Amino acid sequence: QVALTGVVLTRMDGDARGGAALSMRAVTGRVGDETPMLSSSIHSVVVNPPWNVPMGIAAREYWPLEKARPGALAAKGFRMIDIPGGGKRLQQASGPQSALGRLKFDFDNAFAVYLHDTPSRGKFSSFDRLASHGCVRLERPVELAERVRRAVGTGRRAVGHHRRGLA
């Protein structure tokens, strides 16, 4: 496990079982979509994750975009998927356009937020890095994934296979 010691404003600070702290820039929740204060431990790293768009974000941002520009969502890799118990939701496939980038870090919390990569790198060099829907976009997610791998002792062979896809 990697214990997150704080995601404060626009910086991610953490440690791996008492090891040296890892610090990097982060993009966090904008006004109205603030990233909650919490403490948790990463329990999984997802390589090339799809993004299951929260219903509220889809209703506020994506459905109006599709209505104004039919086909815009499909061009960005979005599709409708069935959800357990009935109904549908919007999902963006993994790939170069995915809002989650190449890595997603899951941890228990009551807010449905997580740490993730991003293809949108521009905000990391900005002073104002309040731009997400509440999740935390990481400047150097591969470095954190390596830290998690070392902390939990996953065999190099399995991680090496995934790493080739990340380089």
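1. Among contacts (heavy atoms within 4.5 Å) between residues at least 6 apart in sequence, 58% join residues at least 24 apart. The model is a predicted one, in which local features need pLDDT of at least 70 and side-chain atom pairs count only at pLDDT 80 or more, while totals for chains, interfaces and linings use all residues. Residues are numbered from 1 along each chain as its sequence is written, and side-chain values use heavy atoms, with hydrogens and water left out.

2. The chain comes to 4 helices and 11 strands (DSSP runs, H or I of at least four residues for helices and E of at least two for strands, numbered from the N terminus). An open antiparallel sheet has 3 strands in the order E5-E7-E6, where strands pair if DSSP finds at least two bridges between them. Strand E5 (51-52) and strand E6 (78-82) each have a single partner, so one side of each is left without a neighbour in the sheet. Helix H1 (residues 55-68) packs on this sheet, touching E5, E6 and E7.

3. The structure holds 3 aromatic pairs (Phe, Tyr and Trp rings, the last by its six-membered ring, with centres within 6.5 Å; planes under 30 degrees apart are stacked, over 60 edge-to-face, the rest tilted). Trp-51 and Tyr-62 form an edge-to-face pair, 5.9 Å centre to centre with 75 degrees between the planes, and this pair links strand E5 to helix H1.

4. Tyr-62 also pairs with Phe-78, at 4.9 Å between centres and 45 degrees between planes, so that pair is tilted; Phe-78 lies in strand E6.

Key:
Axes are lines fitted to C-alpha atoms, for helices over the stretch in contact, and angles run from 0 to 180 degrees between N-to-C directions.
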